[in-house]
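Visitor: Could you take me through one part of this model up close? I'd like to hear how its pieces sit against each other, with the residues named.

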Amino acid sequence: MIRTAVCPRILIVGAGLAGTATAIRLLCFARGPLEVILLERRADYRCAGVAYHRDGNPWDHVFNVQAGRMSAFREDVLDFVRWANTEADRDGWPAPWADFEFVEQGPAPRRIFQDYLTERLEQAGREAYPGVVLAQADGEAVDLDVRADGVEVTVRRYAPHGQEPEPGAQAVVLSVDEVILATGLELRDPAFAAGVLGHPSFVRDPYSAAGIRTFACLAPQATVAIVGSVLSAYDSAALLLRQGHTGPIHLISGSGTIFRTYPEDHEHAVVRLPRPGALLEPYRDREDFLARLRSEWDAACAALARDHPEIDPAVVAERVIKAWEPYCPEVIEQIPSAELRSLLDEFGTTISALRVCAVEYTMSVIEQAMRPTDGRVRLVVGRVEAIAPTESGRLAVTVASPRDPRVIEADLVVSNFAREPDYGRVRQPLWRNLLAKGLAVPHGRTGRGVEVDEHGRLLGRRGEPIGPVFAVGVLREGDEIVRNGRTGAFAFNLATIKNQSITVAAHALELLELGDLVGARGAEAAEPELGTIGQPGKLGQADRTGFEEAVVLEVRRLATRARGERELLDARLDAVIQSLGGAHAAAVKTSRRENLARAAVNRAAVERLTDVSMTPRQLRRELGLTGIDQPEG
């Protein structure tokens with residue numbers, strides 16, 4: 001068993017986007033000694049994950065959304081754009097990116113995001129308080145057990161990052177205080193492709209080095225079939241077109257969905273719409289529900305277009321879905337679980353296309369190729385039933401469609417992210433062991449991801465929190481749908497991960513701080529007292545004013561990445577918290593009262609910082625964060 005540190009240790013399993021974002025927050029938030037261990041089983045995925053790693057993203061792969069929405073910090077919307085323009089090392093960047101000036105509404109290549117996250121992680125380590133350290137390690141977590149004094153995690157091929165494990169080394173057991181699971185997308189092998197998974201003309205993962213090499217070597221006149229019409233399919237099609245592909249490219253879509261293009265000057269915004277009352281009526285059957293949905297949808301879109309003529313028609317649908325998110329949990333509550341799962345499966349792609357557009361850089365080449373005068377890209381509406389090799393070495397794709405069933409013979413077939421949302425079917429050893437032990441359960445209502453509480457802690461079979469084990473990222477998809485009304489890819493995209501990284505990091509640190517104060521169960525034991533601190537009815541006027549001042553200071557502390565500024569805010573915050581309590585302070589031990597008050601202040605600050613009822617820019621203005629200092633690059 002490996003346990004050499006005398007300070008608390010938090011292990012993050014998975015160093016992709018979600019794991020890295022959470023590590024950054026832990027390093028920034030921690031006020032006392034802490035070791036953050038960031039574990040990754042694939043070196044090329046570190047600070048990137050499947051979506052952004054350099055080997056799987058050539059320079060023509062750009063973000064699906066504008067560069068201004070790619071900041072790792074929700075409260076600092078332009079951080080990525082500033083980094084790309086003033087901090088990024090452009091040695092080796094090709095045209096046009098080498099001299100490109102990035103703007104909020106414009107494109108950016110996906111592959112540079114790995115450099116951005118790497119540098120922001122290193123920066124967070126430099127700016128952390130003394131005793132707060134980052135340890136990066138390689139290896140695969142395959143099992144864990146929750147003990148009374150922490151968590152024991154079994155890791156195969158464990159070694160400090162960049163070093164090879166010792167020859168013949170057995171799996172090691174890491175003893176840590178808390179675990180944060182950020183294991184990312186889980187892939188499944190689609191049943192329709194069972195016989196061609198190893199075929200040289202079948203690309204299972206278009207975001208892999210092997211997949212990119214296959215695209216590069218493909219004959220320009222070859223026939224290509226791309227299974228799916230989500231944005232990852234557009235990446236594959238656009239990459240082929242930009243490298244001069246002249247042959248037909250078939251986009252095969254069960255829904256026939258085509259994404260829209262963001263307006264050139266598009267800026268994310270939140271509008272207020274009336275509660276969709278008809279959707280909150282008791283659920284009768286699918287036909288009735290979909291009829292009510294269409295009626296409410298048409299009325300909401302018409303009202304938005306009428307009342308907000310300044311909004312481009314291309315983003316009306318996006319605005320409506322965002323405005324409906326606060327009501328979605330109540331709507332979803334009316335739908336039986338089996339029906340909810342079926343609706344999510346059937347309309348998932350459609351919801352994604354309504355919830356988000358794509359940047360012009362990608363869509364321009366796709367739209368040009370779909371025009372009748374060009375015709376290189378052809379939309380095929382139907383469901384792929386089978387893919388089989390032919391005698392000529394090509395692949396035959398059988399597409400079932402009520403109107404036009406067909407077989408497409410292709411020189412290359414690309415399958416776009418047949419991810420496995422049902423964790424009861426995930427094959428990774430860690431998740432198989434967690435589910436077998438009852439330390440995790442598949443999400444009951446949606447069949448997507450696993451059950452977690454409001455802080456992101458895993459829930460067991462009886463709905464109880466499973467020790468200090470948290471989850472961030474795609475494994476919380478189902479919870480985001482039913483708890484927060486997130487829909488489509490917004491249930492697990494960067495915007496969602498930003499908020500999860502804040503809440504999980506803050507609560508993980510709270511458990512450590514309160515655990516020393518009130519015993520092993522930490523925050524649970526303190527919940528009754530935490531629930532009363534900060535409530536207006538429980539405080540006198542002076543304490544209400546002091547509590548509000550403390551929350552404002554804590555918001556600024558959480559949003560500040562420069563250590564010097566955080567230290568100043570910490571000193572001011574301590575002084576305000578020490579002043580809280582008045583006559584009540586005599587009845588409670590001072591250290592306990594101050595720790596509980598600090599935890600309550602932190603919870604209130606986190607709630608404000610993760611408020612999705614406004615855009616990041618609005619949030620920054622509302623919380624008074626426009627003047628905070630950030631470290632130099």
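**A close look at a helix pair, and a sheet to follow**

Guide: Let's start with a crossing: helix 1 passes helix 4 in a left-handed way. Keep in mind that this is a predicted model. Helix 1 covers residues 17–29 and helix 4 covers residues 112–127, and the two pack at an angle of about 20 degrees with their axes 8 Å apart. Angles under 35 degrees count as roughly parallel, so helix 1 and helix 4 are roughly parallel to each other.

Who does the touching? On the helix 1 side you'll find Leu17, Thr20, Ala23, Ile24, Leu27 and Cys28. They meet Phe113, Leu117, Arg120, Leu121, Ala124 and Gly125 in helix 4. Sorted by class, that contact has 9 nonpolar, 2 polar and 1 charged residues.

Now hold that picture against another pair. Helix 8 (residues 316–324) and helix 10 (residues 337–355) pack at an angle of about 105 degrees, and their axes are 7 Å apart. The range for roughly perpendicular is 65 to 115 degrees, so that's what helix 8 and helix 10 are to each other. Helix 8 brings Ala317, Glu318, Ile321 and Lys322 to the contact, while helix 10 brings Ile351, Leu354 and Arg355. By class, this contact has 4 nonpolar, no polar and 3 charged residues.

Take the pairings one at a time. Strand 11 is joined to strand 12 by 6 bridges, and Ile387 stands opposite Val397 in strand 12. The hairpin of these two strands has 5 residues between them, and Gly393 takes a positive phi there, near 95 degrees.

On to the other pairing: strand 12 (residues 395–400) is joined to strand 13 by 5 bridges, and the two run antiparallel. A hairpin of 5 residues makes the link between strand 12 and strand 13. Val397 turns up again here, standing opposite Ile408 in strand 13. For Ala396, the bridge partner in strand 13 is Glu409. If you're tracing side chains by eye, remember that in a regular strand they alternate between the two faces of the sheet.

Conventions: Residues numbered from 1 in each chain as written. Predicted model: local features only at pLDDT ≥ 70, side-chain atom pairs only at ≥ 80, totals over all residues. Heavy atoms only, no water. Pairing = 2+ DSSP bridges. Helix = DSSP H or I, 4+ residues; strand = E, 2+ residues; numbered from the N terminus. Axes fitted to C-alpha atoms, helices over the stretch in contact; angles between N-to-C directions. Parallel < 35°, antiparallel > 145°, perpendicular 65-115°, else oblique. Contact = heavy atoms within 4.5 Å. Nonpolar A, V, L, I, M, F, W, Y, C, P; charged D, E, K, R; others polar. Left-handed = near helix turned anticlockwise from the far one by under 90°.
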